[in-house]
Amino acid sequence: MNNLTKGHLPAYRAVIAGHGSFAPGKLLTNDELSEMVDTTDEWITTRTGVKVRHITEDNESTAFLATEAAKRALAEAKLDGRELELIIVATITPEMVFPSTASFVQRALKAQKAWVFDLSAACSGFVYSLSIVQQFIESGRLNNALVIGAETLTKITDWTDRASCILFGDGAGAVVLKRSEDGRKGILYSTMHSDGNRWEALNCQAYGSRHPVSKPLDDPKKIYMQIKGREVYQQAIRRIVETVNDCLQVCELSIDDIKMLVSHQMNARIIESAAKRLKLPDEKVFININEYGNTSAASVPIAFDDCVRKGKIKRGDMIILVAFGAGLTWGANVVEF
Ligand code: UT7
């Protein structure tokens, strides 16, 4: 079928057995934001595609969102948390410095058999995590794994910076992966990349070891996300196009073979520009940033779950999950669902 399956068909594949997502109930509309900073619904809609975002309350943490999404994915996969062998939570807004957010999810799911950790690759964290699980399942070391992307970005948003606060939202998405002996289905290919030289394009500098909580900050804004919007914008389009083309080439697929591109929802214009360069028709590009904003590592699994629930992809369809974010990091997974 493609060169990955022709020459060296692995004995096992990681298949998506269940998926789920969860977003906090509180909503923040563009009109409400327009009362907080100098902006308008029209500007936000045309420049980003965002109409509304979900916002956590003070008592809603990243592990809480992650656990709710995970419960939905586990229920669909018909798997008890006690059977899980690995839990990865992709996040840049963890529960605390340590232990990992995944430790709290493990506890909530009674997943005592699992080994667990967080993965920090910003918006690419979920696709990075899938590539790790793919390796462990293909090598026969794991029977199953839970991968969650979960963020509470609004807790590190500068609500006085109109160039960034309009973009972000909170939420979580999860998938349960199981080992399958059907070599044609599941995660067929993953490609991952980074460029640490561009770390300044997107960051939140407090309170790591460079700017520890024990020392006063030289700039109080360092507690918030800082973005160089234009640089990210241009890099994102370029890297998404490159990465999707890599997937098509390595897997010997054409645009016709792809049912849907499920991209990280960073900005609708970025996704649309990349899709245009890839000659992907509108119906093969999923966009739900209007309902969630940019939720970083949670964005791809929320979009995937939403896409399935809206009936736009079904079992057997070939999809590409693609992400780009801070680091810089980018990557993609080709999945036959
Ligand atoms: O997932 C990875 C993280 N995502 C990102 O980092 C997002 C990537 N970048 C973007 O999505 C876009 O660059 C932004 C949405 C952040 C900004 O959109 P843009 O089209 O690149 O706008 P810009 O920064 O070039 O600013 C254009 C104008 C400026 O005014 P002047 O200098 O032309 O007078 C800004 O001051 O728009 C102004 N502006 C706003 N106006 C109304 C910036 N933010 C706003 C706003 N409302 N919220």
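Phe-136 is partly exposed, at 27% relative accessibility. Trp-115 is partly exposed too, with a relative accessible area of 38%. Partly exposed lies between buried (under 20% relative accessible area) and exposed (over 50%), with a 1.4 Å probe and protein chains only. This is a predicted model: local features need pLDDT of at least 70, side-chain atom pairs count only at pLDDT 80 or more, and totals for chains, interfaces and linings use all residues. Residues are numbered from 1 along each chain as its sequence is written, and side-chain values use heavy atoms, leaving out hydrogens and water.

A search of the whole structure finds five aromatic pairs. Rings of Phe, Tyr and Trp (its six-membered ring) pair if their centres lie within 6.5 Å; planes under 30 degrees apart are stacked, over 60 edge-to-face, the rest tilted. Two of the pairs follow.

| Pair | Centre to centre | Angle between planes | Class |
|---|---|---|---|
| Trp-115 and Phe-136 | 5.4 Å | 70 degrees | edge-to-face |
| Phe-304 and Phe-337 | 5.3 Å | 85 degrees | edge-to-face |

Trp-115 sits in strand S5 (residues 115–119) and Phe-136 in helix H6 (residues 125–138), so their pair ties together parts 21 residues apart in sequence. Helices (H or I, at least four residues) and strands (E, at least two) are DSSP runs, numbered from the N terminus. Trp-115, Phe-117 and Phe-136 form one aromatic cluster.

Phe-304 and Phe-337 are buried.

Charges also meet rings. Arg-179 lies over the face of Tyr-12, 4.0 Å from the ring centre. Arg-230 lies over the face of Tyr-233, at 4.8 Å. The criterion is NZ of Lys or CZ of Arg within 6 Å of the ring centre and within 35 degrees of the ring normal.
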